[in-house]
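Hi everyone, thanks for coming. I'd like to walk you through a structure today, one stop at a time. Please have a look at it first.

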Amino acid sequence: MRKNIVAGNWKMNKTLQEGIALAKELNEMLANEKPNCDVIICTPFIHLASVTPLVDPAKIGVGAENCADKESGAYTGEVSAAMVASTGAKYVILGHSERRAYYHETVEILEEKVKLALAHGLTPIFCIGEVLEEREANKQNEVVAAQLASVFSLSAEDFSKIILAYEPVWAIGTGKTATPEQAQEIHAFIRSTVAGKYGQEVADNCSILYGGSCKPSNAKELFAKPDVDGGLIGGAALKAADFKGIIDAFNN
Ligand code: PEP
């Protein structure tokens, strides 16, 4: 069966020292606990090699927030999937709306990134989601279906390795959360779209996370929905207590 997952996205926050402190604090908080979900922290590239050996791999997985769409070579400033994997990181967020919007990552670029991540043993956390105008025009299903199609060139075996994150762009960092009903409705649509392509078993085993102003006070209601398998957490991942509060939504 699919996994419940709480994944943090630190974005461009925390110096190396601050990031190490946050990872240590979270690791200590979870030391005597048995979370009822997988816990992942996705950090800036420069933190990965320091943070990975600090956390208990049985409790916390570490991931990057991006990787290059090229294998290696003269791409100044880029970081490849192989480099990410060489730090001990196991995950990589791909297709985040901030990358799509500010760095013009197209569906073609994202398809390459996902393939390279998988080729290097990383688990992509692949983000999809509509902007406000698309939601207001009731086009959210169309938009996420088109975004999903960019990973539908994967074999069923490879697709089964990825985690999906539905993140309505209007809810990211805005304090405005999708209602549990809105989240459930579109998560069910995403799952049925996956089932249409890869079959019900692959769809049933696919973890679909919700992201967008998720916090300790609303996580439980969101995660209670049958097709919401956890969260991708931005702002609330920057404080260990808040992040732990969201992890605890699966505990009681
Ligand atoms: C995100 O950017 O992935 C996110 C969900 O951010 P926030 O929780 O801050 O809305």
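Let me begin with a term: a polar contact is a pair of N or O atoms within 3.5 Å, and inside a protein one of the two must be able to donate a hydrogen while the other accepts it. Please also keep in mind that this is a predicted model.

Now to our first stop, Glu-105. The side chains of Glu-105 and Arg-99 are joined by a polar contact of 2.9 Å. If we leave out residues up to four places away in sequence, Glu-105 touches Asn-66, Gly-95, Arg-99, Arg-100, Leu-110 and Lys-113.

Next, let's turn to the ligand. How many residues surround the ligand? There are 14, and the closest are Lys-11, His-96, Glu-167, Gly-173 and Ser-213. This shell divides into four nonpolar, eight polar and two charged residues.

Let's look at some individual distances. The side chain of His-96 has an N or O atom 2.7 Å from an oxygen atom of the ligand. For Glu-167, too, a side-chain N or O atom is 2.7 Å from a ligand oxygen. With Ser-213, it is a polar backbone atom that lies 2.7 Å from an oxygen atom of the ligand. Taken alone, the ligand exposes 290 Å², and the protein buries 96% of that.

My last stop is the aromatic rings. The structure holds five aromatic pairs. One of them is formed by Tyr-102 and Tyr-103, which sit edge-to-face, 6.5 Å centre to centre and with 75° between the planes. Both of these tyrosines, Tyr-102 and Tyr-103, are exposed.

Phe-223 and Phe-250 form a stacked pair, with 4.8 Å between the centres and 15° between the planes. This pair links distant parts of the chain: Phe-223 is in helix 11, Phe-250 is in the segment after helix 12, and they are 27 residues apart.

Finally, ring pairs link Phe-152, Phe-159 and Tyr-198 into a cluster.

Conventions: Residues are numbered from 1 along each chain as its sequence is written. This is a predicted model: local features need pLDDT of at least 70, side-chain atom pairs count only at pLDDT 80 or more; totals for chains, interfaces and linings use all residues. Side-chain values use heavy atoms; hydrogens and water are left out. Contact means heavy atoms within 4.5 Å. A residue is near a molecule or strand if one of its heavy atoms lies within 4 Å of it. Accessible areas come from the Shrake-Rupley method with a 1.4 Å probe; for residues, only the protein chains shown count as cover. Ala, Val, Leu, Ile, Met, Phe, Trp, Tyr, Cys and Pro count as nonpolar, Asp, Glu, Lys and Arg as charged, and the others, Gly among them, as polar. Rings of Phe, Tyr and Trp (its six-membered ring) pair if their centres lie within 6.5 Å; planes under 30 degrees apart count as stacked, over 60 as edge-to-face and the rest as tilted. Buried means under 20% relative accessible area, exposed over 50%, partly exposed in between (1.4 Å probe, protein chains only). Helices (H or I, at least four residues) and strands (E, at least two) are DSSP runs, numbered from the N terminus.
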